[in-house]
Amino acid sequence: MREREPNFQGPSPLLYLLATPIGNLEEISPRTKNIIEQAEYIACEDTRNSGLLLSRLGFDKKLISCHEHNEEQVSEQIVRLLNEGKKVAYMSDAGYPAISDPGSRLVANCLANGIKVATVSGPNAALNALASSGLDSTHFYFHGFLSAKPSERDTELEQIKNRKETVIFYESPHRIKKTLTALYESLGERKAVIARELTKAHEEYIRGNLKEFLDLDETTLKGEMVIIVEGDKSQPVVSEEAILEQLKSLLDEGLRSKEAIKKTAELLSVNKNQVYSLYLANFKNSLNRRR
Ligand code: SAM
C-alpha cells in the first residue's frame, strides 16, 4: 500500500477533474468555478469547446489539448507541470472526465507519478437518466457505448443478456436506430427508457419497451441520448445462500470443485463466475485438497 496523504493536505501535487454541464450551463457549481479560477492551466478534451465554456463563464485560461489520441504523451507534460507546482485541472467536453470520455490514462499517469487526483462533482448523463427513468435503480450496470462493429456489439450484448441489474447505454443519434434493433434482437422484450437532450430545453423521457421503440420515427430521435434497459427478469434472482447450499451439497457428494461450480451454475441458471467467486470466498481454504 502507498503512503497515505489526504487529498487536500500535505505536499503532493493534485490534479482536479472537473465535471462540466451536459447541456444546461447553470449546472456548473460554485466549487467548479472556484477551481477554474485558481487553475493556471486547464487541460481539456477539446480546446474549442472548453474555450467557449470558459469564456461564457468569464475565464481566460491557458488551455492544453488532451484527447483520446494524445492523452498518453500530453499527460507527461501535465505531470511535469504539476510536479513544478503549477495548478492544473482537466475537463472533457461534457459530464465527467473518464466516463466514456478521455481522462483515465491521465489519472493513471498522475497516480503513477505520486500526484493525487480529486474529482469535482457535477452532471453525468447516465445518472440523470437512471434517476428519472422509473426503472429499478437499486443495482445498475453502466455499459456506456456498445461497439460500432456489429459482431463485437452482439458479443457484448450476449454477455449483458443475463444481467439482473438495470443496464445503461450511451448512444449517438446516428446509430440509435441500429442499436435499438440490436437491443431488441439480443435482449428480447423489456421495459426501457430513452432519455434525450438531458438538462436542455427539449429534454424528453420516452418510456416504453424495446419492441415499441422499433417503431420510433428516427427523425424524432435527435440529439444526445441515454438508453436504460430493465435487467433480465426471466429468471428469479437466486440468493447467495441457495447457491452456497447447492455448491456444498455437490462438494459433499465428492465432486471436484470445478465440476461442482459448473453444475451449480447449470442447475440454478446462474453465472458461473458468481458461483466461482462464492466458492473462493467460502470454500477454497477448507477444500483446497480436493482441486
Ligand atoms: N462524460 C459524459 C458523462 O459523464 O455523462 C459522457 C460523454 S459521452 C462521450 C457522450 C454520451 O453521453 C452521448 O452520446 C449520450 O449518450 C450521453 N449524453 C451526454 N450528454 C447528454 C444529454 N444532455 N442528454 C442525453 N444523453 C447525453
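The paragraphs below go through the ligand site of this predicted model and then turn to its pockets.

The ligand is surrounded by 19 residues, and the closest of these are Tyr 96, Asn 124, Tyr 170, Leu 198 and Met 225. Sorted by class, this shell comprises 11 nonpolar, 3 polar and 5 charged residues. At Glu 171, a polar backbone atom is 3.1 Å from an oxygen atom of the ligand. Of the 580 Å² that the ligand exposes when taken alone, the protein buries 91%.

The ligand takes up the space of the second largest pocket, and the elements that give two or more residues to the shell around the ligand are strand S7 (166-171) and strand S10 (225-229). This second largest pocket has a volume of about 450 Å³ and a lining of 24 residues, with Ala 94, Ala 125, Phe 145, Tyr 170 and Glu 224 nearest its centre. At least two residues of that lining come from each of S7, strand S8 (191-196) and S10, and the lining divides by class into 12 nonpolar, 4 polar and 8 charged residues.

The largest pocket holds about 780 Å³ of space. Its lining consists of 23 residues, among which Asn 162, Arg 163, Lys 164, Asn 271 and Gln 274 lie nearest the centre, and by class that lining has 5 nonpolar, 11 polar and 7 charged residues.

Methods:
Residues numbered from 1 in each chain as written. Predicted model: local features only at pLDDT ≥ 70, side-chain atom pairs only at ≥ 80, totals over all residues. Heavy atoms only, no water. Near = heavy atom within 4 Å. Polar contact = N/O pair within 3.5 Å; in protein donor to acceptor, adjacent residues only side chain to side chain. Areas by Shrake-Rupley, 256 points an atom, 1.4 Å probe, with all protein chains shown as cover. 1 Å grid on protein atoms, 1.4 Å probe; cavity = no way out; pocket = protein on both sides within 12 Å on 5 of 7 lines; lining within 4 Å. Sits in = over half its atoms within 2 Å of the grid points. Helix = DSSP H or I, 4+ residues; strand = E, 2+ residues; numbered from the N terminus. Nonpolar A, V, L, I, M, F, W, Y, C, P; charged D, E, K, R; others polar. Points joined across faces, edges and corners; volume = space filled by probe spheres on them.
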